[in-house]
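Please look over the sequence and the model before reading on. The paragraphs below go from the overall fold to single residues.

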Amino acid sequence: MKLALKVVLPLSLIAASGSAFSESLRCGGNLAQIGDGKADIQVKCGEPIARYSSCKPLVVVPETKGLVDSASAACITVDEWTFAPGPGQFLTTLVFQDGKLNAIRYGDRIR
């Protein structure tokens, strides 16, 4: 029992710290976090190296009879900003929905 506790506790601490890492991006002395607005991120992190914007449909109604014009369908604006923090760091993409930071994805390590 004591051995299991010695193994489980450190692993749970590592898992908790990993989730904190995935929920923020360090930009110099600032921290960009889930829920921050695009203006806040730009002040904290500067200009991204790439931007991509798309429209994600709000709802799909399966009982709709007939075709729905996709141009008139309601959607949420999704913006993706990619940052290259520096050599040895990971390429980082911030995903915004309706102007608020919703997710942080990490890519390849920058050489």
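Starting at the N terminus, the elements of the chain follow the order α-β-β-α-β-β-β-β. That makes 2 helices and 6 strands, where helices (H or I, at least four residues) and strands (E, at least two) are DSSP runs numbered from the N terminus. The model is predicted, so local features need pLDDT of at least 70 and side-chain atom pairs count only at pLDDT 80 or more, while totals for chains, interfaces and linings use all residues. Residues are numbered from 1 along each chain as its sequence is written, and side-chain values use heavy atoms, with hydrogens and water left out.

Of the 111 residues, 21% count as buried; buried means under 20% relative accessible area, exposed over 50%, and partly exposed in between (1.4 Å probe, protein chains only). The chain exposes about 8000 Å², and carbon and sulfur atoms supply 61% of this area, computed by the Shrake-Rupley method with a 1.4 Å probe. Among contacts (heavy atoms within 4.5 Å) with a separation of 6 or more, 43% are between residues 24 or more positions apart.

The largest nonpolar core has 11 residues: Leu-25, Cys-27, Ala-32, Ile-41, Cys-45, Trp-81, Phe-83, Leu-94, Phe-96, Leu-101 and Ile-104. Such a core is a set of buried Ala, Val, Leu, Ile, Met, Phe, Trp, Tyr and Cys residues joined through side-chain atoms within 4.5 Å. At least two of its residues come from each of β1 (24–27), α2 (38–45), β4 (75–83), β5 and β6.

Trp-81 and Phe-96 are both buried. The structure holds 1 aromatic pair, and the rings of Trp-81 and Phe-96 form it, with centres 4.9 Å apart and planes at 55°, so the pair is tilted. Rings of Phe, Tyr and Trp (its six-membered ring) pair if their centres lie within 6.5 Å; planes under 30 degrees apart count as stacked, over 60 as edge-to-face and the rest as tilted. The pair links distant parts of the chain, with Trp-81 in strand β4 and Phe-96 in strand β5, 15 residues apart. The charged end of Arg-51 sits over the Trp-81 ring, 4.3 Å from its centre (the criterion is NZ of Lys or CZ of Arg within 6 Å of the ring centre and within 35 degrees of the ring normal).

Thr-82 also lies in strand β4. Thr-82 counts as buried because its relative accessible area is 15%. Beyond its neighbours within four places in sequence, Thr-82 is in contact with Pro-48, Ile-49, Ala-50, Leu-91, Thr-92 and Thr-93.

Asp-98 is in the loop between β5 (90–97) and β6 (100–109). With a relative accessible area of 56%, Asp-98 is exposed. Asp-98 has a positive phi of about 50° although it is not a glycine. Most residues other than glycine have a negative phi.
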